[in-house]
Amino acid sequence: MAEDLLTVENLQTRFRRADETIYAVNGVSFSVAPGETLGIVGESGSGKSVSLLSTLGLVRGARSVTGSARFMGTELLKLRRKQLEDIRGRDIGVIFQDPMTSLNPTMRIGDQIMEAMITHQYTNRRRAFERTLELLDKVGIPEPRARFKSYPHEFSGGMRQRAMIAMAIACEPQLLIADEATTAVDVTVQAQILALLDDLRQERKMSIILITHDFGVATNFCDRIVVLYAGKVMESARLEEFLARPAHPYTLGLKASVIEVGQRGRDLVPVPGMATTVTEPPSSCPFAPRCSMAVERCHQEVPPLRSMGQGHAVACHRAEEVMARAS
Amino acid sequence: MAVTELALGVVGDESSFRRTSQAQLAWRRYRRNWLPVAGGVWVLIFVLAGIFGPWVAPHHYTDTDFLNANQGPSWEFPMGTDGLGHDMFSQILWSIRNALEIAVGATAVSFVIGCVLGLWAGLRGGLADQAIMRVVDFMFAFPSYFLNLILVVTLGRGMFPILIAIGITGWASYARLIRGLVLNMRNGEMVEAARSLGATWPHIARRYLLPNVLSSMLVALAFGIPADLVIMAALSLVGLGLLPPLPSFGNLIAQAGPNVLGYPWLLYFPAGIFALTLLSFLFVADGLQEAFDPKGGS
């Protein structure tokens with residue numbers, strides 16, 4: 001396999017709230033190869049967005065971000081603000097959850113797409129204009145010339161998300177981060193957007209990191225999946241391995257919580273309890289209080305992330321038993 | 001992937017989409033009520049009178065005509081004359097010009113100071129924010145009319161000193177308003193998205209924050225101008241307004257007071273026009289507020 005595009009190692013992000021410290025990300029490691037799609041799955045508050053955005057300096061009020069995040073050989077966490085601004089939008093594009101609030105209502109769609117190219121001196125004004133029309137066409141917005149002049153309020157949610165994608169890929173980034181990019185749109189639009197992203201990935205050999213809470217989306221779209229819980233990696237594996245031999249109770253819980261079409265009567269098995277905010281460094285398995293298989297040891301020892309072979313890693317004391325039970 | 005073909009098609013058939021600009025929508029909402037429209041007409045007349053008044057006025061404001069002192073309204077003197085034979089109509093036209101110059105100038109001074117400090121506080125946060133907002137709190141707590149009086153006494157009673165005196169006491173509300181709006185947007189998704197594209201903070205302030213607070217600012221300005229007109233008149237009433245013979249509404253009203261029984265038109269005309277103007281500005285401000293309300297519908 002080629003050199004990894006982005007390698008995150010032992011990333012830790014902390015916030016300060018009132019007089020307590022929030023441990024949002026507690027030693028997360030993962031990597032993305034060129035052209036690969038990585039899915040980062042977890043519940044709200046599991047640290048999935050924060051872990052990526054904090055490497056890009058996009059998280060405000062982070063008290064400390066430590067560890068390492070190497071992008072094409074550059075240590076992102078050591079860059080100065082100006083250097084990060086150069087990388088954002090040019091080498092790494094980000095698409096956010098809510099296209100309704102992410103666009104500037106006072107700027108024409110076309111100008112907003114052009115802006116990134118001009119900011120990064122990707123090309124001159126005239127070429128940027130032409131390229132904007134091509135981009136609008138590429139992301140499936142009809143009549144690019146007329147739509148260039150539209151304001152965001154004249155666009156539907158799906159079209160705004162397409163415009164956001166056009167902005168994110170304008171400078172041909174090597175890595176595209178889709179942060180819950182399909183959460184706020186209709187399911188039909190979600191399918192269109194995912195298909196578009198997949199096309200773009202194949203065409204440009206771009207890597208995609210898909211941050212989602214939707215297990216179904218992740219398992220249909222990604223080459224590799226990382227499951228986060230309470231700011232820690234619970235399980236990470238290639239898709240086939242992940243589907244065939246899940247080895248973490250939390251993964252099983254997520255799988256059982258997916259609602260499929262036409263499965264009325266099949267019992268939904270929700271994971272009990274709620275994800276909680278972590279206000280002190282973990283001293284036990286963070287999932288133990290909600291885990292149906294937890295034993296004494298789980299409440300006393302932090303399970304290390306151990307390899308199960310074939311790039312499959314699990315942080316569970318009873319991974320072997322889980323795996324046996326699942327298959 | 002099964003859904004790939006979906007991506008190749010376009011999104012629905014939207015070839016004949018309707019274009020309605022934000023401005024058109026705003027105007028539609030503005031004219032829904034007649035008061036803002038009427039107020040707008042009066043404000044327009046007031047502004048035109050301020051600009052062209054000196055050319056229209058039949059007399060200069062210093063012209064006196066002792067033979068026609070204390071005359072009631074007539075064809076020659078549409079609004080009568082005062083005890084020195086000043087033509088009230090001309091006096092009022094000049095007053096309008098002075099009022100406009102000072103109110104607009106003072107509002108602009110307040111606005112610029114408020115904008116810069118509010119933006120700075122909202123964007124930088126931390127110590128800068130704390131420091132600026134404490135000064136704002138002080139300005140709100142301190143009786144600003146008293147500050148106006150001190151400044152006028154120190155600076156003098158000309159056009160420019162009064163403009164400055166009113167201007168530098170009125171910026172706190174603008175600063176507070178802008179800071180709030182900016183703070184709200186700074187942590188919002190629009191700014192996050194812009195930053196993810198590599199936009200710098202100065203760029204975000206210029207292209208994202210300022211244009212988006214503009215409508216709120218316009219409303220604040222429409223409320224600010226009549227407020228400054230009132231301060232200006234209030235200064236005249238305690239004898240610290242524009243130095244006569246420069247005419248102003250405050251001066252005219254203050255002088256007319258003692259003679260109101262004998263020569264009531266000297267009070268009615270300036271006071272009536274002044275009151276109507278203040279009301280009109282407030283109606284316009286209300287209308288703008290309605291027009292820019294994002295929940296205002298169409």
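Tutor: Let's start with a term: helices are DSSP runs of H or I with at least four residues, strands are DSSP runs of E with at least two, and they're numbered from the N terminus. We're looking at a predicted model, where local features need pLDDT of at least 70, side-chain atom pairs count only at pLDDT 80 or more, and totals for chains, interfaces and linings use all residues. Residues are numbered from 1 along each chain as its sequence is written, while chains are lettered from A and ligands numbered from 1 in the order in which they are written.

Student: Okay, where is B:Arg134 found?

Tutor: In helix α5 (residues 126-141) of chain B.

Student: Is B:Arg134 buried or exposed, and how do you know?

Tutor: Count the other C-beta atoms, placed from the backbone, within 10 Å of a residue's own: 20 or more is buried, 12 or fewer is exposed, and in between is partly exposed. B:Arg134 has 10 of them, so it's exposed.

Student: Which residues of α3(B) are buried?

Tutor: They are B:Pro36, B:Gly39, B:Ala49, B:Gly50 and B:Gly53.

Student: What is the kink in helix α3 of chain B, and where does it lie?

Tutor: The bend at a residue is the angle between axes fitted to the seven residues ending there and the seven starting there. In α3 (residues 34-56) of chain B, there's a kink of about 50° at B:Gly50, shortly before the proline B:Pro54.

Student: On to chain A. How many helices and strands are there?

Tutor: Chain A has 12 helices and 12 strands.

Student: Why is chain A called as compact as a globular protein of its length?

Tutor: The radius of gyration is taken over C-alpha atoms, and the globule rule is 2.2 Å times the number of residues to the power 0.38. For 327 residues the rule gives 20 Å, and chain A comes out close to that at 21 Å, so it's as compact as a globular protein of that length. Its C-alpha atoms fill a box of roughly 65 × 50 × 45 Å along the principal axes, and buried residues make up 48% of chain A.

Student: What is the order of the strands in the open sheet of chain A?

Tutor: Eight strands run β6-β7-β8-β3-β9-β10-β12-β11, with mixed pairing. Two strands pair if DSSP finds at least two bridges between them.

Student: What makes β6 and β11 of chain A edge strands?

Tutor: Each of them, β6 (92-95) and β11 (306-307), pairs on one side only.

Student: How do you know that β3(A) pairs with β8?

Tutor: The cut-off is at least two bridges. β3(A) and strand β8 (residues 207-212) of chain A have five, in the parallel sense, so they count as a pair. A:Leu38 has A:Ile209 as its bridge partner in β8(A). β3(A) also has four bridges to strand β9 (residues 224-229) of chain A, again parallel, and there A:Leu38 stands opposite A:Arg224.

Student: Why is β3 of chain A called largely enclosed?

Tutor: Five of the five residues of β3 (residues 37-41) are buried, so the rest of the structure largely encloses it. A:Thr37, A:Gly39 and A:Val41 point one way, A:Leu38 and A:Ile40 the other.

Student: How many residues of β7(A) are buried, and which lie on each side?

Tutor: Five of its five residues are buried: A:Leu175, A:Ile177 and A:Asp179 on one side, A:Leu176 and A:Ala178 on the other. Five bridges join β7(A) to β8(A), running parallel, with A:Ala178 opposite A:Leu210.

Student: What makes a nonpolar core, and which residues touch the most other members of the largest one?

Tutor: A nonpolar core is a set of buried Ala, Val, Leu, Ile, Met, Phe, Trp, Tyr and Cys residues joined through C-beta atoms within 7 Å. The largest one has 166 residues, and A:Ala163, A:Ala166, A:Ile209 and B:Met232 touch the most other members. Helix α4 (residues 88-124) of chain B gives the largest share, 15 residues.

Student: Which residues is A:Ile209 in contact with, beyond its neighbours in sequence?

Tutor: Contact requires C-beta atoms, placed from the backbone, within 7 Å. Leaving out neighbours within four places in sequence, A:Ile209 is in contact with A:Val32, A:Leu38, A:Ile40, A:Leu52, A:Leu175 and A:Ile177.

Student: And how many residues of each chain are in contact with the other?

Tutor: 35 residues of chain A are in contact with 28 of chain B. α8(A) provides the largest share of the chain A side, seven residues.

How values were computed:
Two residues are in contact if their C-beta atoms, placed from the backbone, lie within 7 Å.
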